[in-house]
Amino acid sequence: MKIDLTDTTSSKINKALVQGRRSIGTPAVGMVLTLVIVTDEENAYDALRAANEASREHPSRTLVVIKRVSRSPRDRTTSRLDAEVRVGVEAGTGETVVLRLYGEVINHAQSVVLPLLLPDAPVVAWWPVNAPLDPAKDPLGALAQRRVTDTYAAEQPNDELEARAGAYTPGDTDLSWTRITPWRSMLAAALDQVTCKVNSVEVEGEEFNPSCELLAMWLAGRLDVPVKRSVSSGPGLTAVRMQTDCGAIVLDRPDGSLATLSIQGQPDRAVALKRRETSELIAEELRRLDPDDTYAAALKFGVDRLGDRATATVGQEPAADTAAPATAPAPAPAKKAAAKKAPAKSAAKKSASKAAAK
């Protein structure tokens, strides 16, 4: 069931929710949380579809906040709120309210969302795109216990990771981190099977993929070893190679679905490691509402610090290793030049003495 409300208020939206539940015969509210999605019109459909699929595991009230840009100065001074109330099949296993904000009300979105939150239920805020640099200080983020962003949607993922590290607040998380959960589990299980010391690690993946940087920072921080970041054509994260005292441990996924785990002295094993949909990622994040300390430790390790310790970084050669060899051999050519000039001077002296004798 779908109810359209034009130029409405939060109280009218609440009444429409009650009316919708009664119309479909489900007056009882059995939802466990409120999911606030802050997005634009272009990405609203995909985000809402992912939330509806995740609601099968986490019945929730989903509030989609879309801030519409006004075209003229007159429209910017006029506030308006339009809403779509969806219950039943169109809203998954919960309720959905699509809020479109116009004019001055855009700057006060929290006043619209606050009356629509489920009472005594946790709140999760999700920015599929255009997330604020400090989600905890955002007016909508301040209402939530968990704040989910996605660095993969940023134009400069490494700069975005640095900003996230500087503004981290317990409760922040990132879908780029969620994407590597199976990789972290598989690598940890592989290391549990050996007693060797890890000497170095190489993480291979797409160039502008923050999941690769997060995995590299996690490995560098936990293992305290140099980590090399190499680039591949993808898709996504393609391989992790760990050099140990007992041989190499390699987790290779060239096609984005099936990986091969190779451990020295053991037969190779095929591992299902497919790239997951956004609905699976957001469902995983909704399973836990406590702060993710492991993500915080990996994020605060720092991309710049990873570059200092790595033997190769994306798009940049390590200056510390190349500067010394470039300057050390400089005296050698100078000596050769001096040696070439010496015979020339002696020949000039001989010719001068012969002329004097004549």
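Let's start in the middle of the protein. The largest nonpolar core has 38 residues. The ones with the most contacts inside it are Trp 183, Val 201, Val 203, Leu 214, Leu 215, Leu 219 and Val 240. A nonpolar core here is a set of buried Ala, Val, Leu, Ile, Met, Phe, Trp, Tyr and Cys residues joined through side-chain atoms within 4.5 Å. Buried means under 20% relative accessible area, exposed over 50%, and partly exposed in between, with a 1.4 Å probe and protein chains only.

Before going on, a word on the model. It is predicted: local features need pLDDT of at least 70, side-chain atom pairs count only at pLDDT 80 or more, and totals for chains, interfaces and linings use all residues. Residues are numbered from 1 along each chain as its sequence is written, and side-chain values use heavy atoms, with hydrogens and water left out.

Which element gives the largest share? Helix 8 (210-223), with 8 residues. At least two residues each also come from helix 7 (181-192), strand 9 (198-205), strand 11 (237-244), strand 12 (247-252), strand 13 (258-263) and helix 10 (293-301). Helices (H or I, at least four residues) and strands (E, at least two) are DSSP runs, numbered from the N terminus.

Take Leu 215. Leaving out residues up to four places away in sequence, Leu 215 touches Ile 180, Trp 183, Arg 184, Leu 187, Val 203, Leu 237 and Val 240. Contact means heavy atoms within 4.5 Å.

In soluble globular proteins, nonpolar side chains tend to be buried together.

Now helix 2 (41-54). Helix 2 has 14 residues and reaches 20 Å from first C-alpha to last, close to the expected 20 Å. That expectation is 1.5 Å times one less than the number of residues. Its buried residues are Ala 44, Ala 47, Leu 48, Ala 50, Ala 51, Asn 52 and Ala 54. They pack against strand 2 (33-39), strand 3 (60-67), strand 4 (80-87), strand 5 (95-102), strand 6 (123-126) and helix 9.

Helix 2 also matters for the next slide, the pocket. The largest pocket has a volume of about 650 Å³. Of its 30 lining residues, Arg 179, Arg 276, Glu 277, Thr 278 and Leu 281 are the closest to the centre. Helix 2, helix 7 and helix 9 (278-286) each give two or more residues to the lining. Helix 2 gives the most, with 6.

How are pockets found? On a 1 Å grid over the protein atoms alone, a pocket is an open set of points with protein on both sides within 12 Å along at least five of seven lines; a cavity is a set where a 1.4 Å probe fits but cannot get out; lining residues have an atom within 4 Å of a point.

There is 1 cavity of 30 Å³ or more. The largest cavity has a volume of about 40 Å³. Its lining is Pro 135, Thr 149, Arg 164, Tyr 168, Asp 172, Thr 173, Tyr 295 and Leu 299.

Last, the whole protein. It has 13 helices and 14 strands. Buried residues make up 46% of its 358 residues.

Methods. Points joined across faces, edges and corners; volume = space filled by probe spheres on them.
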